[in-house]
Amino acid sequence: MTKELAGCARCPFDTKERLCQTEDGKSPAFCPTDTYQAAVENSLEELKKPEILEFARQASIQEAHGYANKDLGYTHVKPVKPRILETVEFAKRMHYKRLGLAFCLGLRPEAKIIEKLFSTSGFEVVSALCKMGRTPKEDIGVRDDQKINIGCFESMCNPIAQAYVMNSEKTEFNIVVGLCIGHDSLFLKYSEAPCTVLAAKDRLLGHNPLAAVYTIDTYYRSLKSE
Ligand code: SF4
């Protein structure tokens, strides 16, 4: 019998009833806690590597430090830190000295502020913008009518080159700011250092892609039929 695709996003049970939350919890046929026990065991093996274990441990500690009122009980817990502060704190916890900032041309004002924030927090910051190298889009087979500014020179985004810069400079942790869909994927694939995404590009929604999800029943209802 073919195994069903893992489908936590479709889980029908309340959070507290779920197998991943409670030892005798409920699980649907597509539950990876049930059907992917080997994956969990293999992940625990991987976590025996000291550097991976420390990364995971500090990420969990950072997660809990993002809340206040823990002493008052779970219902009183509230978030207190923006992601950018969490990123600074996590990098400090990991004792990183040199960070990479891979950003989009369209977010250069933001990148300037972010760079300053990290450098004044005690880090060396290596930054590279998506258009670095000034390679024409034609070099990857993009036609003139497929550009944004038709009839003009347009530099391709080169996330692989951005990653190579970070790799050469031996950055310890790379921060992605506003790279386009797909370009971000290539950066993440070619970066040697672990990465985090500070901002996911969404040109229309002020880099808050979830705004379309939050308003799916009102302004973005058309997405449900597209
Ligand atoms: S791990 Fe299983 S129980 Fe938990 S959300 Fe996924 S499908 Fe549901």
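**Note on the predicted model: ligand shell, sheet and helix pairs**

1. Around the ligand stand Cys8, Cys11, Arg18, Leu19, Cys20, Ser27, Pro28, Cys31, Pro32 and Thr33. Sorted by class, this shell holds seven nonpolar, two polar and one charged residues. The model is a predicted one.

2. Next, the overall make-up. The protein has eight helices and six strands. Read from the N terminus, its elements follow the order α-α-α-β-β-α-β-α-β-α-β-α-β-α. The C-alpha trace spans about 60 × 50 × 40 Å along its principal axes.

3. Now the sheet. Strands of a sheet pair through backbone hydrogen bonds, and the pairing may be parallel or antiparallel. In this model four strands make an open sheet, ordered β4-β3-β5-β6, and their pairing is parallel. The edges are taken by β4 (124–129) and β6 (195–199); each has a single partner strand, so one side of each has no neighbour in the sheet. From one strand to the next, the twist averages 25 degrees.

4. Which residue of β6 is the bridge partner of isoleucine 175? The partner is threonine 196.

5. Helix α5, residues 108–119, lies across β3 (98–103), β4 and β5. The direction of α5 is at about 165 degrees to β4.

6. Two pairs of helices remain to be described. Two packed helices are described by the angle between their axes and by the distance between those axes. For helix α3 (residues 50–65) and helix α4 (residues 83–93), the axes come within 10 Å and cross at roughly 140 degrees. The crossing of α3 with α4 is right-handed.

7. The contact between α3 and α4 can be followed residue by residue. On the α3 side are Gln58, Ala59, Ile61, Gln62 and His65, and on the α4 side are Glu86, Glu89, Phe90 and Arg93. By class, the contact has three nonpolar, three polar and three charged residues.

8. The other pair is helix α6 (residues 159–168) with helix α7 (residues 183–190). Their axes come within 8 Å and cross at roughly 30 degrees. The two helices are therefore roughly parallel to each other, and their crossing is right-handed.

9. In this second contact, α6 supplies Pro159, Ile160, Gln162 and Ala163, while α7 supplies His183, Leu186, Phe187 and Tyr190. These residues divide into six nonpolar, two polar and no charged.

How values were computed. Residues are numbered from 1 along each chain as its sequence is written. This is a predicted model: local features need pLDDT of at least 70, side-chain atom pairs count only at pLDDT 80 or more; totals for chains, interfaces and linings use all residues. Two strands pair if DSSP finds at least two bridges between them. Axes are lines fitted to C-alpha atoms, for helices over the stretch in contact, and angles run from 0 to 180 degrees between N-to-C directions. Two residues are in contact if their C-beta atoms, placed from the backbone, lie within 7 Å. A residue is near a molecule or strand if its C-beta atom, placed from the backbone, lies within 6 Å of it. Ala, Val, Leu, Ile, Met, Phe, Trp, Tyr, Cys and Pro count as nonpolar, Asp, Glu, Lys and Arg as charged, and the others, Gly among them, as polar. A crossing is left-handed if the near helix is turned anticlockwise from the far one by less than a right angle, and right-handed if clockwise. Angles under 35 degrees count as roughly parallel, over 145 as roughly antiparallel, 65 to 115 as roughly perpendicular and the rest as oblique.
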